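I opened this entry to keep track of what I looked up, one item at a time. The notes follow the order in which I checked things.

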Amino acid sequence: MVITIILDYTMKRLTTLICLALVAISTFADTKVIEKSAKKAPEWLYSATDGFIVVTVEASNLGDAQQRAIQLVTERIILSVATSVSVSQDNEISSVSTDGSVAEKESFKQVSRMKSANLPFLKGISSSKIKEIYWIKLQDKATKAEHYEYSVKYPYSKTEQLQLVDEFERLDASKNQEYETLKNNIDNIESVEQIKQSILQLNSLKEYFFDNVRLSQVDALTEQYKALYNAITLSGKLLEAGK
């Protein structure tokens, strides 16, 4: 079964901007700006910018703010790959509602799993690639507590997205093939070393797979390989007493 989930990013971006505007109105009613990185907020902060990801986070200091911003950029990039990729998986079940709510829920679950997987393209995401930064320092009028609103403009083109999707599909296909090979070879194991090596490969696959279907399949196959240890027998000929 081939599963493809496509989200309408234009509508999502518009909805996000409207929400940000409403939040900003509510926030500034209770806080005041005491410092900012530039006199005027950049245009990219409130408008969709082709070829870039724009995120805004809150933090108590600029160091934490930058780290959170990169984490959010990473999640956005993973989401763009996860929701555009077509992966063949046996017994996979996915439901998509017309308003996209179920699709979004499943996509974000997939993002959290993919984030913990050892995906090569995640290593290229870095704060050094940030194109522009804008921040403001706010103070709560009642409590005098201070925090930062930190926004970044990170380069991410459609071409790069398509490249990452292609890389991901090829990687995922190779992992599926590795699992199928281990599954087909279980009846041809001839040594303890082969059992050990196969279990190590399955453990590696478990670190990569991010969906419940394949994770359960790996666990089941691992148990089958472990059971082979119980089938080991010693055979030989008695040469003399003790040998």
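I note here that the model is a predicted one.

Next I looked up where valine 192 sits, and found it in helix α5, which covers residues 192-208. I also checked what surface it belongs to. Val192, Tyr229 and Ile232 together make a nonpolar surface patch of about 250 Å².

Staying with α5, I looked at its pairing with helix α4, residues 158-185. The two axes come within 11 Å and cross at roughly 145°. I recorded the crossing of α4 and α5 as left-handed. Then I listed the residues that meet. From α4 I wrote down Phe168, Leu171, Asp172, Lys175, Glu178, Tyr179 and Leu182. From α5 I wrote down Ser198, Gln201, Leu202, Leu205 and Tyr208.

I turned to threonine 31 and asked the question again: buried or exposed? Its relative accessibility is 8%, and the cut-off for buried is under 20%, so threonine 31 counts as buried. I placed threonine 31 in strand β2, residues 31-36. Leaving out residues up to four places away in sequence, I found that threonine 31 touches Leu138, Gln139, Asp140 and Lys141.

I then looked at lysine 144, which lies in the loop between β5 (132-140) and β6 (146-155). Its phi is near 70°, a positive value in a residue that is not glycine. I made a note of this because most residues other than glycine have a negative phi.

Last, I took down the figures for the whole protein chain. I have six helices and six strands in my list. Along the sequence their pattern reads β-α-β-β-α-β-α-β-β-α-α-α. Of the 243 residues in the chain, 34% are buried, and threonine 31 is one of the buried residues. The accessible surface comes to about 15100 Å², and carbon and sulfur atoms hold 53% of that. For contacts with a separation of 6 or more, I noted that 77% join residues 24 or more positions apart.

Methods:
Residues are numbered from 1 along each chain as its sequence is written. This is a predicted model: local features need pLDDT of at least 70, side-chain atom pairs count only at pLDDT 80 or more; totals for chains, interfaces and linings use all residues. Side-chain values use heavy atoms; hydrogens and water are left out. Patches are made of residues with over 30% relative accessible area and no salt bridge: like charges are joined within 9 Å, nonpolar side chains (Val, Leu, Ile, Met, Phe, Trp, Tyr) within 5 Å. Accessible areas come from the Shrake-Rupley method with a 1.4 Å probe; for residues, only the protein chains shown count as cover. A salt bridge is a side-chain nitrogen of Lys or Arg within 4 Å of a carboxyl oxygen of Asp or Glu. Helices (H or I, at least four residues) and strands (E, at least two) are DSSP runs, numbered from the N terminus. Buried means under 20% relative accessible area, exposed over 50%, partly exposed in between (1.4 Å probe, protein chains only). Contact means heavy atoms within 4.5 Å. Axes are lines fitted to C-alpha atoms, for helices over the stretch in contact, and angles run from 0 to 180 degrees between N-to-C directions. A crossing is left-handed if the near helix is turned anticlockwise from the far one by less than a right angle, and right-handed if clockwise.
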